[in-house]
Amino acid sequence: MALSSGWLVACASGQGRIDMAVPGMATGAGVGAAVACAAVVALLSAVLALYGPPLDAVLERAFSLNKACSIKDMKNTFQLVRNIIPPLTTKKHKGQDGRIGIVGGCQEYTGAPYFAAISALKVGADLSHVFCTQEAAPVIKSYSPELIVHPVLDSPDAVQDVEKWLPRLHALVVGPGLGRDDGLLRNVKGILEASKARDVPVVIDADGLWLIAEQPALIQGYQKAVLTPNHAEFRRLSEAVLRDPLDSSDPHGAVLRLSQALGNVTVVRKGERDVISDGRQVLECSQEGSSRRCGGQGDLLSGSLGVLVHWALLAGPEKTDGFSPLLVAAFGACSLTRQCSHQAFQKHGRSTTTTDMVAEVGPAFARLFES
Ligand SMILES: *[C@@H]1O[C@H](CO)[C@@H](O)[C@H](O)[C@H]1NC(C)=O
């Protein structure tokens, strides 16, 4: 059942603290929690009456963290994702549902930008542009006739070449297959500055995050940025930004603190459970995925997130019930990626690769958000 997991579980208050209430707690401080929990159970029952997964399974999942905040925060986050998806109509013209740019792709890495760009298309973007180095361009083009590929990233005019396209792009995904060449990173720094100046939303992953760890000021306070670090990238970022060794005992707090230290930039920490924060709330995505950890899954996430960020910002906070649109977009992309992994694994088992997951984007999306 698509709706059986992935609930909003915690909320933030004050400086880097998460308020928690343990369901069923019998102390004085737990009275409010008990009331809240009873109400949450009632709410869940009502939702389940509509959608049907077994109540026990959902409650167990929702409360397995022993954290609940208030009913207000215990939303069916999937519904919020559904709210931001633009309807398919015959009245639209090409490009309206999303023109996404991927910045990355060099001699060594050509698969990552391809996976990000094709995932954006499969989620529902109309056009995917890839801005990569000259050498990488013919390779990436040869993977797919569906991508528009610009061999500009290692050119001395890279920033201007990409900037020209910015007015036509709804979101940029920076980092897939970027590598750590100093010259390329300098160009990407210029591209990020130009994107901020034009208010273009950016999703930053992989070696784009390496650049942010070196120069956090590049993204500091930019409300249209989402960072998608894996475990190692999160550690590096946290230590660079907070100047403290990472406290691994409190995963929610760690993501919240990093987001706040970056001026409430949205952070998605990928892992066994994905933890998402916008500096105010913490969301967790525990949609069932698979135990395969093949390379490229992060690119599927960043590419689909590019599209969802655009849709979410277009829909605005009315459609996301007051929650930050980027938080909802991130939850959508995380649950989609995990569902793709789950479905691909059911068919291919150990031999599952990211190509198999990309083939599941359509059915997984329909199952989670359109059923
Ligand atoms: C980030 O959000 C927190 C919690 O709402 C708030 O206290 C803080 O002022 C915000 N910081 C910025 C830079 O907006």
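Predicted model: local features only at pLDDT ≥ 70, side-chain atom pairs only at ≥ 80, totals over all residues.
**View 1. Surroundings of the ligand.** Gly263, Asn264, Gly279 and Arg280 surround the ligand. The protein buries 44% of the 360 Å² that the ligand exposes when taken alone. Sorted by class, the shell around the ligand comprises three polar residues and one charged residue, with no nonpolar residues. Asn264 places a polar side-chain atom 2.5 Å from an oxygen atom of the ligand.

View 2. Thr110 is located in the loop that lies between strand 3 (99-103) and helix 4 (111-123). Its relative accessible area is 11%, and Thr110 is therefore buried, as the value is under 20%. When residues up to four places away in sequence are not counted, Thr110 touches Ala136, Val139, Ile140 and Tyr143. With Tyr143, the contact includes a polar one between the two side chains, at 2.6 Å.

View 3. Asp356 belongs to helix 13, which spans residues 354-358. The relative accessibility of Asp356 is 17%; because this is under 20%, the residue counts as buried. Apart from neighbours within four places in sequence, the residues in contact with Asp356 are Ala344, His348 and Ser351.

Technical notes. Residues numbered from 1 in each chain as written. Heavy atoms only, no water. Near = heavy atom within 4 Å. Polar contact = N/O pair within 3.5 Å; in protein donor to acceptor, adjacent residues only side chain to side chain. Areas by Shrake-Rupley, 256 points an atom, 1.4 Å probe, with all protein chains shown as cover. Nonpolar A, V, L, I, M, F, W, Y, C, P; charged D, E, K, R; others polar. Helix = DSSP H or I, 4+ residues; strand = E, 2+ residues; numbered from the N terminus. Buried < 20%, exposed > 50% of the residue type's maximum accessible area, 1.4 Å probe, protein only. Contact = heavy atoms within 4.5 Å.
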